[in-house]
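Hi,

Here is the structure I promised to pass on.

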Amino acid sequence: MQHYLDIASCSREEIQHLLHRARTFKQSGDYPAFPKACLANLFYENSTRTRVSFELAAKNLAMKVVNLDLQASSEQKGEVIEDTLLTLAAMGISHFAIRHVQDGLPQALAEKLGDRIHLINAGDGKQAHPSQALLDMMTILEHKADLSGLKVAIVGNLLHSRVANSFQAIAKLLGLGELVLIGPEVWQPKTVIYGQYCSDLQTGLAKADVVMALRVQKERLAAEEALDLETYRQAYAITPASLKWAKPDAIVMHPGPMNRGIEIDSEVADGPQSVILEQVTHGVFARMAILEALMD
Ligand code: CP
């Protein structure tokens, strides 16, 4: 693979290989070493999980890692992002993990810079978060073996969620049994590539094997889409009571960061059905698999 930009541009075999490698890294603790390769983390949007797990993944593979301080970079003097990447590539940086508010930026950069570097989309705007989809699917497979018989329910702001978009793509590619996308009509997704939209939490959660709560992204809400948070909470929060609508052995996921007391209650987030911290652990292995697949 040259780049890892979105799930839709990967084949089923490529994604299955990444999942296999990530799970093998977890089981074996045996990692290859790529000491000549160097990863630069370019995070133009805030991140804790994704940035740190790309750094740890690269270090586990004996890569060098550079975390750019973008507030102090030459882009503040007007340098365009392509020139920043080419400058860093000229110093020997081979791999770039990029998070940016602009939809499609990693794809546009990959088209411009071609095969000179390896680009990883660490989240672009409202469009895609393909490494999150990989770690989400790895987490599901660690608990539920038969994807074709599973029902996954995703709850929240579907209109703005790159996590939900990339999960739809991986679910379609791997043949997940059923995907329900639950949320208020004002946050209904404009396009659904896999699954069905449902506005009612109780109906959507019925017989679900996996319940994924999305973060309410206050920073992305346009005025006309703004919803009173208490109104949202009353209808859509994953609480001990609403979780009972799913199967008794359903696992609970959240990509983080969580708004406790809004989209999810602490009793659920910290409860026995929660695999939220496992998702974080799996993020390191999933990103190791991505980096390994992008080696020359
Ligand atoms: N899930 C996720 O992307 O978290 P961060 O914003 O902390 O990277």
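**What I found around the sheet**

Helix α3 (residues 81-90) lies across β1, β3 and β4 and runs at about 155° to β3. On the names: helices (H or I, at least four residues) and strands (E, at least two) are DSSP runs numbered from the N terminus. That angle is taken between N-to-C directions on a scale from 0 to 180 degrees, with axes as lines fitted to C-alpha atoms, for helices over the stretch in contact.

Before you go further, note that this is a predicted model, where local features need pLDDT of at least 70 and side-chain atom pairs count only at pLDDT 80 or more, while totals for chains, interfaces and linings use all residues. Residues are numbered from 1 along each chain as its sequence is written, and side-chain values use heavy atoms, with hydrogens and water left out.

Now the sheet itself. It is open, has 4 strands in the order β2-β1-β3-β4, and its pairing is parallel (two strands pair if DSSP finds at least two bridges between them). Because β2 (64-67) and β4 (118-124) sit at the edges with a single partner strand each, one side of each has no neighbour in the sheet. From one strand to the next, the twist averages 15°.

Strand β3 (residues 95-100) is joined to β1 (residues 38-43) by 5 bridges. Across that pairing, leucine 39 stands opposite histidine 95, and alanine 40 has phenylalanine 96 as its bridge partner. Another 5 bridges link β3 to β4, with phenylalanine 96 opposite leucine 119. To get from β3 to β4 the chain passes through helix α4 (residues 105-113), in a right-handed β-α-β crossover (right-handed: with the strands pointing away from the viewer, the path from the first strand over the helix to the second runs clockwise).

How many residues of β3 are buried? The count is 6 of 6, where buried means under 20% relative accessible area, exposed over 50% and partly exposed in between (1.4 Å probe, protein chains only). His95, Ala97 and Arg99 are on one side, and Phe96, Ile98 and His100 are on the other.

Glycine 114 follows α4 and has a positive phi, near 55°.

Histidine 100, in strand β3, counts as buried because its relative accessibility is 16%. Its side chain reaches the backbone nitrogen of glutamine 102 at 3.0 Å. Leaving aside neighbours within four places in sequence, histidine 100 is in contact (heavy atoms within 4.5 Å) with residues including Tyr44, Glu45, Leu105 and Arg162.

Finally, the ligand. Among the residues around it are Asn46, Ser47, Thr48, Arg99, His129 and Gln132 (each has a heavy atom within 4 Å of it). A polar side-chain atom of arginine 99 lies 2.8 Å from a ligand oxygen atom. A side-chain N or O atom of histidine 129 is 2.8 Å from an oxygen atom of the ligand. For glutamine 132, a side-chain N or O atom is 3.0 Å from a nitrogen atom of the ligand.

Cheers

Methods
Polar contact = N/O pair within 3.5 Å; in protein donor to acceptor, adjacent residues only side chain to side chain.
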